[in-house]
Amino acid sequence: MGDVLAGNHAVWEFDSDSVLIRFARGIRTPRTPRLFHALGSRRIPLEAVSGVTVTAGKRDTVVLRVRPRPGADPLMEAAAGQLKESCDPYRLVLPGERAPHAAAFAEALRVRLGPDAAEPADRFLVDVPRPPLHLKAYDARVGFDGSGVVFHWSRTGATSAKWKAGDQRYPLSALTGVEWRSPGGPGGHLRLLVRDAAADPRPDHDLAAAVFGVGYGAAHESLPFAAAVLAGLRDRAAVPAVPRARSGDERLQHLNELHTAGLLTDAEYTALRERFTADPL
């Protein structure tokens, strides 16, 4: 297609296999959500799209909205429906006179959707910010280096339970997911879901959670952070099985490399090593 639509907060460029969204002021100049500034630009592959609509907006505007496939975008998976409509990165607001252009773009996009568009995606298809990433919460500074998440507790904000326990680090191999609760509502926090561990329902006491507050953990900082951790978890889960090398020594060497890189837990490493040792090539 190669055509461009400039809206209130973004410029969308439709290509044959993707939609490039550049978050910037377009033909009007209202205040742009800080989340859009943080995202900068995003390329949405058409295989990540489940549908597209054009509806009438407020004050003589038209709204073009793309619906991402469930499971295709880690940012939207982490948000879990908590984003306000005005902060929806898949929503483009245009002046009313641009309605025919929006409808034409929507139809051109719609006819390019694949047969699996209505089905959940089996992998993340949209990129998110890559580590290293840092987040300042009310009770901690949180970092993600691609292999694990670390909490450095604040002397003034953290509860005594967290401060006494000391800083915490959780490798991706110990995690099953991430829970993000918007700082715009009560109880805002970022919580890691730790394998085989019961979470304390109180985020201010949970050693795998950081609490948000006024001026801490804003959505434009904490949501991309949560999405990056989710993407890291999915990437780790997608690591293929250890291939059958030409010799037992090569298989064990490759196994050691995966374990050293943090892609295998100690239990997984031990189990595979025992299997390879019992079944040498």
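Mentor: Let's start with Val54, which stands opposite Leu64 in β6. Bear in mind that this is a predicted model, where local features need pLDDT of at least 70, side-chain atom pairs count only at pLDDT 80 or more, and totals for chains, interfaces and linings use all residues. Residues are numbered from 1 along each chain as its sequence is written, and side-chain values use heavy atoms, with hydrogens and water left out.

Trainee: How do strands β5 and β6 pair, and over how many bridges?

Mentor: Strands are DSSP runs of E, at least two residues, and helices are runs of H or I, at least four residues, numbered from the N terminus. Two strands pair if DSSP finds at least two bridges between them. Here β5 (residues 49-56) and β6 pair in the antiparallel sense over seven bridges. Their hairpin has four residues between the strands, and Arg59 takes a positive phi near 55 degrees there. On to β7 (residues 91-95): β6 and β7 also pair in the antiparallel sense, over five bridges, and Thr61 has Pro95 in β7 as its bridge partner.

Trainee: Is strand β6 mostly covered or mostly open?

Mentor: Buried means under 20% relative accessible area, exposed over 50%, and partly exposed in between (1.4 Å probe, protein chains only). In β6 (residues 61-68), six of the eight residues are buried.

Trainee: Which residue forms a salt bridge with Asp88?

Mentor: A salt bridge is a side-chain nitrogen of Lys or Arg within 4 Å of a carboxyl oxygen of Asp or Glu. Asp88 has Arg65 as its partner, with the closest N and O atoms 2.6 Å apart. Asp88 lies in the loop between α2 (74-79) and β7 and Arg65 in strand β6, so the pair ties together parts that are 23 residues apart in sequence. Asp88 is buried at 10%, while Arg65 is partly exposed at 25%.

Trainee: What about Lys162, where is its partner?

Mentor: Lys162 forms a salt bridge with Asp139, the closest N and O atoms being 2.7 Å apart. Lys162 is in helix α4 (residues 160-165) and Asp139 in the loop between β8 (133-136) and β9 (140-144). Both residues are buried.

Trainee: How many salt bridges does the structure hold?

Mentor: It holds 13. Glu179, Arg181, Arg191 and Asp206 are linked in a network of them.
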